[in-house]
Amino acid sequence: MSAPMPDDRSFHVLEAVANRLEASPQRPRRRWSAEAKSRLIEATLKPGANVSAIARQAGMAPAQLFGWRSKAIKSGAVTPHRDAERLGFVEVTPTASASVEIELGGVVIRAGADINEEQLVRIIRAVRQA
C-alpha cells in the first residue's frame with residue numbers, strides 16, 4: 001500500500017499486484033502422460049491420418065501435437081508409416097482438343113493445341129502468299 005501523500009502533491013504512487021493476467025488461460029496446464037503422448041503420436045502416423053482432427057478430439061492445440069510428432073520422428077523414437085498407394089508427382093501432357101480458328105483473307109485456319117509455333121507461322125505465311 002502507498003503511504004499517505006501530502007495534499008500539495010499532484011500525483012500519487014500506486015502499488016498493485018496482479019492476481020491473474022486477463023490473457024492467461026482459465027484452466028491450468030495439462031500434464032500428458034508418456035503413454036497418452038505415444039498413443040496420440042502413433043495415431044498421427046497411420047496412413048491418411050489427420051493430425052489436426054486427432055488433436056481437436058484430444059482437446060489440445062494441433063500445433064502441440066505436430067510438435068510432439070516432429071520431435072518423436074527426429075529422435076528416432078518412432079518412424080512414420082510409408083503409404084505404398086500414396087501418389088507422387090506425375091508428368092501430365094496436355095491432350096486437349098482445344099483448337100483455334102484464324103481467318104485471313106477469307107481463308108479459315110483451324111489449328112489444334114498440339115501444333116507448335118513454328119508450324120503455325122509457316123501455315124499463316126503460306127496463306128498470306130497465296
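**Ground rules.** I number residues from 1 along each chain as its sequence is written, and my side-chain values use heavy atoms, with hydrogens and water left out. Since the model is predicted, I ask for pLDDT of at least 70 for local features and 80 or more for side-chain atom pairs, while totals for chains, interfaces and linings use all residues.

**Helix 2.** I began with helix 2, residues 51-58; helices here are DSSP runs of H or I with at least four residues, strands are runs of E with at least two, and both are numbered from the N terminus. Which of its residues are buried (under 20% relative accessible area; exposed is over 50%, partly exposed in between, with a 1.4 Å probe and protein chains only)? I found Val51, Ser52, Ile54 and Ala55. The buried residues pack against helix 1 and helix 3.

I then checked the two ends. At the start of helix 2, a side-chain oxygen of asparagine 50 comes within 3.1 Å of the backbone nitrogen of serine 52. After the helix comes glycine 59, with a positive phi near 80°.

**Serine 52 and threonine 44.** Serine 52 is buried, with a relative accessible area of 19%. Setting aside residues up to four places away in sequence, serine 52 touches Pro62 and Phe66 (contact means heavy atoms within 4.5 Å).

Threonine 44, in helix 1, is buried at a relative accessible area of 2%. Its side chain makes a polar contact of 3.3 Å with that of arginine 69; such a contact is a pair of N or O atoms within 3.5 Å, where within protein one must be able to donate a hydrogen and the other to accept it, and residues adjacent in sequence count only if both atoms are side-chain atoms. Leaving out neighbours within four places in sequence, I list Ala49, Val51, Ile54, Leu65 and Arg69 as contacts of threonine 44.

**Core.** How many residues make up the largest nonpolar core? I get 11, among them Leu40, Val51, Ile54, Leu65 and Trp68. I take a core as a set of buried Ala, Val, Leu, Ile, Met, Phe, Trp, Tyr and Cys residues joined through side-chain atoms within 4.5 Å. Helix 1, helix 2 and helix 3 each give two or more residues to this core.

**Aromatic pair.** My search of the whole structure found one aromatic pair. The ring centres of tryptophan 32 and tryptophan 68 are 5.7 Å apart and the planes stand at 75°, so I call the pair edge-to-face. (Rings of Phe, Tyr and Trp, the last by its six-membered ring, pair with centres within 6.5 Å; planes under 30 degrees apart are stacked, over 60 edge-to-face, the rest tilted.) Tryptophan 32 lies before helix 1 and tryptophan 68 in helix 3, so the pair ties together parts 36 residues apart in sequence. Tryptophan 32 is partly exposed at 23%, whereas tryptophan 68 is buried at 15%.

Last, I looked at strand 1 (residues 99-104) and found that the number of buried residues is zero, so the strand lies largely in the open. Strand 1 pairs with strand 2 (residues 107-112) in the antiparallel sense over six bridges; pairing needs at least two DSSP bridges. Isoleucine 102 stands opposite isoleucine 109. Two residues separate the strands of this hairpin, and glycine 105 in the turn has a positive phi of about 55°.
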